[in-house]
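The points below take up the nonpolar core, the aromatic rings, and several individual residues in turn.

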Amino acid sequence: MENMFKGANIKNLNMSNLDFSSNNNVTNMFDYANISNINLNGVHGLKDASWMFTRITTGSLDLTKFDFSQTENIGVMFYYAKIGRLDMSNLDLSNVTNVGTMMDGSEVDYADFSGVHGLTN
């Protein structure tokens with residue numbers, strides 16, 4: 001799934017309940033993509049989410065229903081992303097071991113990380 005939506009212009013993208021357990025390479029999946037509405041509810045099985053939303057442009061990104069229970073790496077996840085509203089509230093990130101430079105270079109108008117728990121480093 002590497003570079004899958006690179007440079008795409010999409011109005012509505014539904015990826016709900018997608019199982020990543022058999023394919024964990026999401027590097028630059030949304031690189032330079034412009035997506036108006038994206039549904040990631042119930043996405044699961046992803047071990048490494050680093051670089052996933054690199055340089056994406058979107059008005060809103062709601063990850064509150066994204067299942068991070070198997071995810072270990074969210075470092076550089078939003079590298080130079082442009083996001084109007086980012087919601088990661090109330091997430092359990094207890095298996096995540098790397099959040100290094102997660103927001104490096106990103107432009108976010110509003111970010112909600114309230115209630116996030118499980119991070120130890």
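1. On the place of D31. The model discussed here is a predicted one. D31 sits in the loop between β1 and β2. With a relative accessible area of 1%, D31 is buried, because buried means a value under 20%. Its side chain has a polar partner in the side chain of R55, at 2.7 Å. Setting aside residues up to four places away in sequence, D31 touches F5, K6, G7, T54 and R55.

2. On the nonpolar core. The largest nonpolar core has 34 residues, and the members that touch the most other members are F30, M52, F53, L63 and F78. Two or more residues of this core come from each of β1 (9-14), β2 (34-39) and β4 (82-87). In soluble globular proteins, nonpolar side chains tend to be buried together.

3. On L63 within that core. L63 is one of the residues named above as touching the most other core members. When its neighbours within four places in sequence are left aside, the residues in contact with L63 are L40, F53, F68, M77, F78, L86, D87, M88 and L91.

4. On the aromatic pairs. How many aromatic pairs does the model hold? The count comes to 6. One of them joins F30 and F53, which are stacked, with 5.3 Å from centre to centre and 5° between the planes. F30 belongs to the loop between β1 and β2 and F53 to the loop between β2 and β3, so this pair ties together parts that are 23 residues apart in sequence. F30 counts as buried at 0% relative accessibility, and F53 is buried with a relative accessible area of 0%.

5. On a tilted pair. The rings of W51 and Y79 have centres 5.2 Å apart and planes at 55°, so this pair is tilted. Distant parts of the chain are linked by it: W51 is in the loop between β2 and β3, Y79 is in the loop between β3 and β4, and 28 residues separate them. W51 is partly exposed, with a relative accessible area of 33%, and Y79 also counts as partly exposed, at 21% relative accessibility.

6. On the aromatic cluster. F5, F30, F53 and F78 form one aromatic cluster.

7. On S50. S50 is placed in the loop between β2 and β3 (57-62). Is this residue buried or exposed? At 9% relative accessibility, S50 counts as buried. The side chain of S50 makes a polar contact with that of D48, at 2.6 Å. Not counting residues up to four places away in sequence, S50 touches T27, N73, I74, G75 and V76.

8. On backbone angles. N3 is not a glycine, yet its phi is positive, at about 60°. N3 lies in the segment before β1 and is partly exposed, with a relative accessible area of 29%. N28, likewise not a glycine, has a positive phi of about 55°. N28 is in the loop between β1 and β2, and it counts as buried at 17% relative accessibility.

Note on methods: Residues numbered from 1 in each chain as written. Predicted model: local features only at pLDDT ≥ 70, side-chain atom pairs only at ≥ 80, totals over all residues. Heavy atoms only, no water. Core = buried A, V, L, I, M, F, W, Y, C linked by side-chain atoms within 4.5 Å. Buried < 20%, exposed > 50% of the residue type's maximum accessible area, 1.4 Å probe, protein only. Helix = DSSP H or I, 4+ residues; strand = E, 2+ residues; numbered from the N terminus. Contact = heavy atoms within 4.5 Å. Polar contact = N/O pair within 3.5 Å; in protein donor to acceptor, adjacent residues only side chain to side chain. Phe/Tyr/Trp six-rings, centres within 6.5 Å; stacked < 30°, edge-to-face > 60°.
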